[in-house]
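This note is meant for a colleague who is opening the structure for the first time. Please read the numbered points with the sequence and the model side by side.

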Amino acid sequence: MASLKDLRNRISSVKSTQKITSAMKMVAAAKLRRAQEQAEASRPYAERMDRMLGSLAASVAGKAGAPPLLAGSGKDDVHLIIVGTADRGLCGGFNSSIARESRNQINALKAAGKTVKVLCVGRKGRDQLRREFSDLIIDTIEDIAKPALKFDSAHQISERAIAMFEAGEIDVCTIVYAEFKSVISQIVTTQQLIPFVASAKEEDGAKSETDNDKLVYDYEPEEEKILADLLPRNLAVQIFKALLENNASEQGARMSAMDNATRNAGEMISNLNRIYNRTRQAVITNELIEIISAKEAM
Amino acid sequence: MPENKVEFELVSPEKLLVSKDTDMVVVPGEEGDFGVLPRHAPMISTVRPGVISIYEGKTVSERIFIAGGVAEVTPTRCTVLAEQAQPVSEIDPAAARQSLQDAQEDLAAAKTDAERKVAERQIAVSTAMIRASA
């Protein structure tokens, strides 16, 4: 049985752990708010980009000479998977669930006989995937959200993807990230970036637009040129959006993980306190018994 | 919204920069500047580096430099998507000249087509910036 001193030590160590986890929770909450604001602020751009691309893609659809970023390279042999994770741990299942999803995707693609390349954004994703797929990882980008997530970094990633695509090194590009639903729920999402696919939501947006005012746009210069300009921008925006979502998800996951940890530590402290008091009483009782029986023996 | 106004929006990936009703907006389109008045024909155009002028009545109320982007025009609205934007009054001519010089050096040192493209773009942006601030 643990001595009183041992118990005291354990209680104080759990208490300091609790202090750390609750501080981390506060920090995550503050960062989460900022991440959410940033995600909110970037939404207007993405929405308008979607709207324009929707109408453009519709008018170019089916015509010859559509830019390869829209039409694809005609093959789908080499896949580039961008895995967006956090740089730090202690955020519950956030990193592992993204890594698991990517692993499934990679294995499925490999089973289908495709070549896979992986670009990791975030240290944790690389650490988890390195064990199995060290030969597939082409690069890792770290500390992207430090001090703040900038559009430039997303732009750089997109330029790399486009350069690889244009050099014929990849045919399809997808990104895996966690979509932020709420503090307790983040959904791992896979989104195809190259070739461009209008998501269901975008289609809705484009439809309601055409239904409402049936606008026929003039294009200046012609559609293909605008698309050639717009698609790389859109790619950067999509990556930026994914990274922002990821950032918010990470902070949300960390917040709830740290909240749980704080609560567990509290529970542990009260258990330890009970044991400590019981032991203390037992020691006193023991001493009394010893004194009384010594007295009686005299 | 009033009938005879254009709802002008300038949006960057990081936030909505400007959103207001104006009488006219002049946008530096890829194939020449165009003015947007109410009931303009719907149009989508790419935008070259240059200055957007926002008119209140007959006078320019605001001039904003943008480093290229896309504009969408509808009869009631003009939306400009730009990666980089700043009011003309905040342009630092010395910094712009410096970046032009850097870009020219980059261009001279560029080995690949991609590097050359980046440098040429930077030159175009810096030149437009210097012209705007003059």
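The points below go through the basis of the model, the two chains, their contacts and a few single residues.

1. Basis. This is a predicted model, in which local features need pLDDT of at least 70, side-chain atom pairs count only at pLDDT 80 or more, and totals for chains, interfaces and linings use all residues. Residues are numbered from 1 along each chain as its sequence is written, while chains are lettered from A and ligands numbered from 1 in the order in which they are written.

2. Domains of chain A. The assignment divides chain A into domain 1 (4-23 + 257-290) and domain 2 (25-255); such bounds come from an automatic or database domain assignment. The C-alpha centres of these two domains of chain A are 47 Å apart. Seven residues of domain 1 of chain A are in contact with 10 residues of domain 2 of chain A, where contact requires C-beta atoms, placed from the backbone, to lie within 7 Å. On the domain 1 side of this boundary, α1 and α7 of chain A are the elements that give two or more residues. The largest share of that side, four residues, belongs to α7(A). Sorted by class, the domain 1 side holds three nonpolar, three polar and one charged residues. Here Ala, Val, Leu, Ile, Met, Phe, Trp, Tyr, Cys and Pro count as nonpolar, Asp, Glu, Lys and Arg as charged, and the others, Gly among them, as polar.

3. The helix α7(A). Helices (H or I, at least four residues) and strands (E, at least two) are DSSP runs, numbered from the N terminus. The 75 residues of α7(A) should span 111 Å at 1.5 Å a residue, and the end C-alpha atoms are 108 Å apart, which agrees. The expected span is 1.5 Å times one less than the number of residues. A kink of about 25° is found in α7(A) at A:Leu230, shortly before the proline A:Pro232. The bend at a residue is the angle between axes fitted to the seven residues ending there and the seven starting there.

4. A residue of α1(A). A:Glu40 belongs to helix α1 of chain A. Is A:Glu40 buried, exposed or partly exposed? A:Glu40 counts as partly exposed because it has 13 C-beta neighbours inside 10 Å. A residue is buried if 20 or more other C-beta atoms lie within 10 Å of its own, exposed if 12 or fewer, and partly exposed in between, with C-beta atoms placed from the backbone. Between the C-alpha atoms of A:Glu40 and A:Gln105, which are 65 residues apart along the chain, the separation is 29 Å.

5. The interface between chains. Contacts link 22 residues of chain A with 22 residues of chain B. Two or more residues on the chain A side come from each of α1 (4-60), α5 (151-166), β6 (218-220) and α7 (223-297) of chain A. Of these elements, α1(A) gives the most, with eight residues. The chain A side comprises 17 nonpolar, one polar and four charged residues.

6. β6(A) runs parallel to strand β5 (residues 43-56) of chain B, and three bridges join them; two strands pair if DSSP finds at least two bridges between them. A:Asp218 has B:Met43 of β5(B) as its bridge partner.

7. Strands within chain B. β5(B) also pairs with strand β3 (residues 24-29) of chain B, in the antiparallel sense and over four bridges. In this pairing, B:Val25 has B:Ile54 as its bridge partner. β3(B) pairs with strand β4 (residues 32-36) of chain B as well, antiparallel and over five bridges. B:Val26 stands opposite B:Gly35 of β4(B). Two residues separate β3(B) and β4(B), which form a hairpin.

8. Domains of chain B. Chain B is assigned domain 1 (6-88) and domain 2 (92-133), with C-alpha centres 24 Å apart. Six residues of domain 1 of chain B are in contact with six residues of domain 2 of chain B. On the domain 1 side, β5 and β6 (59-74) of chain B each supply at least two residues, and β5(B) gives the most, with three residues. That side has five nonpolar, one polar and no charged residues.

9. A residue of β6(B). B:Ala67 lies in strand β6 of chain B and is buried, with 20 other C-beta atoms within 10 Å. Leaving aside neighbours within four places in sequence, B:Ala67 is in contact with B:Pro49, B:Ala82, B:Glu83, B:Gln84 and B:Val125. The C-alpha atoms of B:Ala67 and B:Pro49 are 4.3 Å apart, although 18 residues separate them along the chain.

Note on methods:
Contact = placed C-beta atoms within 7 Å.
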